[in-house]
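Subject: Structure handover and notes

Dear colleague,

I am passing on the structure that you asked to look at, and my notes follow directly below it. Please read them with the model open beside you.

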Amino acid sequence: MQKKAAELERMAEVLVTGEQLRLRLHEGKVIKDRRHHLRTYPNCFVAKELIDWLLEHKEALDRDTAIKIMQKLLDQSIIHHVCDEHRDFKDMKLFYRFRKDDGTFPLDNEAKVFMRGQRIYEKLMNTDNNLLQTREEEGATFERTLVASEFIDWLLQEGEMATREEAEQLGRRLLEHGIIQHVTNKHHFVDGALLYQFRMNFRRRRRLIELLNERGRSIPESHDSPFCLRKQNSDGGNTSFLSVSPTKEIKVVVGARRSSMSSSCGSSGYYSSSPTLSSSPPVLCNPKSVLKRQVSPEELQTPGGPFIKKTFTIVGDAVGWGFVVRGNKPCHIQAVDPSGPAAAAGMKVCQFVVSVNGLNVLSLDYRTVSNLILTGPRTVVMEVMEEV
């Protein structure tokens, strides 16, 4: 049973990673209609050009690695040659296409359950509801939990299932496929007062190199910020993230984009752990603040002071909003993903957070502010104070 669940979980990771890549390639116009020998091939990409794109976006260190990544997607029937003449992914001017773009994706039972779970996950995240809350069970506190009976009520209300029995069976299938889990892994899904969490964070941006690493899931995700920062190399080389200054002790820098897993972090050194991956080692998150000095809410609001107010409207993408919040009363912007929505809106590190969607947060810590963002609408309006 555990082996089957692990296989389903790996399949789900491949599907999510492939879908995220497909959307990025469409956005970057890498996928488009192309002509060859007087014939038009809709929604395809050129293998050689795609490898160039992977290298340019630092998704692979070399062409051989890029080929292996795409071969993994081809083997899993995520992509295929437009004429199905090549079973190998070749670094040539050949046309390939995502099966989801031409309707040939094989929808077996496992894929159907996975896609159903992903749709329900997105639906829960994008609608106003009180289903996901911090709750207690067996004397322990768990974040972003669902009460099974309330979840079933919601499935019926949304027309996802016709009867409670069918909804309960769906919950059991989601659990068996590693999409949800009981908070302490002691129970299967039953219609009652037990607590469950989404085990899989569909919105975490996957690095394509994870497709080649069977142990990629061993990196736990924390739940204290709206996007994921990860330093893949320990050699201090190039990184695609701003403002994080890793020390020799830091192996991985972690935040979370709308993560569905719970975590615990200390106030001085951020250690993330997940009960869903209890066998994994703890991850040391970057504890060093980017601030040169801490300021008080009173100092920020002093008339004629050295701070100016700015307002950003940030529309989250499929992964999140692209920034990390840290600190207490007031909290500040610790890091900004240069390719994310926050950077596009003009957000910078060291800015102090004043309000989120009209609510003053100067007296709140970063966990509370992050939770406001995570549980709010996809479009976030934030006021910040920036030192001039």
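Strand β7 (residues 180-182) runs antiparallel to β8 and is joined to it by three bridges, where strands are DSSP runs of E with at least two residues, helices are runs of H or I with at least four, and both are numbered from the N terminus. Two strands are said to pair if DSSP finds at least two bridges between them. Within this pairing, Gln 181 has Gln 197 of β8 as its bridge partner. Strand β6 (residues 140-147) also pairs with β8 in the antiparallel sense, over two bridges, and here Leu 146 stands opposite Tyr 196.

Before going further, please note that this is a predicted model, in which local features need pLDDT of at least 70 and side-chain atom pairs count only at pLDDT 80 or more, while totals for chains, interfaces and linings use all residues. Residues are numbered from 1 along each chain as its sequence is written, and side-chain values use heavy atoms, with hydrogens and water left out.

In a regular strand the side chains alternate between the two faces of the sheet. Strand β8 (residues 195-198) is covered on both faces, with Leu 195 and Gln 197 buried on one side and Tyr 196 and Phe 198 buried on the other; buried means under 20% relative accessible area, exposed over 50%, and partly exposed in between, with a 1.4 Å probe and protein chains only. Gln 197 counts as buried because its relative accessibility is 1%, and a polar atom of its side chain lies 2.8 Å from the backbone oxygen of Glu 143.

The largest nonpolar core has 56 residues, of which Phe 45, Leu 50, Met 70, Ile 79, Phe 89 and Phe 151 touch the most other members. Such a core is a set of buried Ala, Val, Leu, Ile, Met, Phe, Trp, Tyr and Cys residues joined through side-chain atoms within 4.5 Å. The elements that give two or more residues to this core include α1 (2-27), α7 (164-176) and β8, and α5 gives the most, with seven residues. This core draws at least three residues from each of domain 1 (1-98) and domain 2 (109-203), the bounds coming from an automatic or database domain assignment.

β1 pairs with strand β2 (residues 39-46) over four antiparallel bridges, and Lys 32 has Cys 44 as its bridge partner in β2.

Lastly, Gln 351 lies in the loop between α9 (341-345) and β14 (352-356). Why does Gln 351 count as buried? Gln 351 counts as buried because its relative accessible area is 0%. Leaving out residues up to four places away in sequence, Gln 351 touches several residues, among them Lys 310, Phe 312, His 332 and Glu 386, a contact being heavy atoms within 4.5 Å. Gln 351 and Glu 386 are 35 residues apart in sequence, yet their C-alpha atoms are 4.9 Å apart in space. Their side chains are joined by a polar contact of 2.6 Å, that is, a pair of N or O atoms within 3.5 Å, of which, within protein, one must be able to donate a hydrogen and the other to accept it, with residues adjacent in sequence counting only if both atoms are side-chain atoms.

With best wishes
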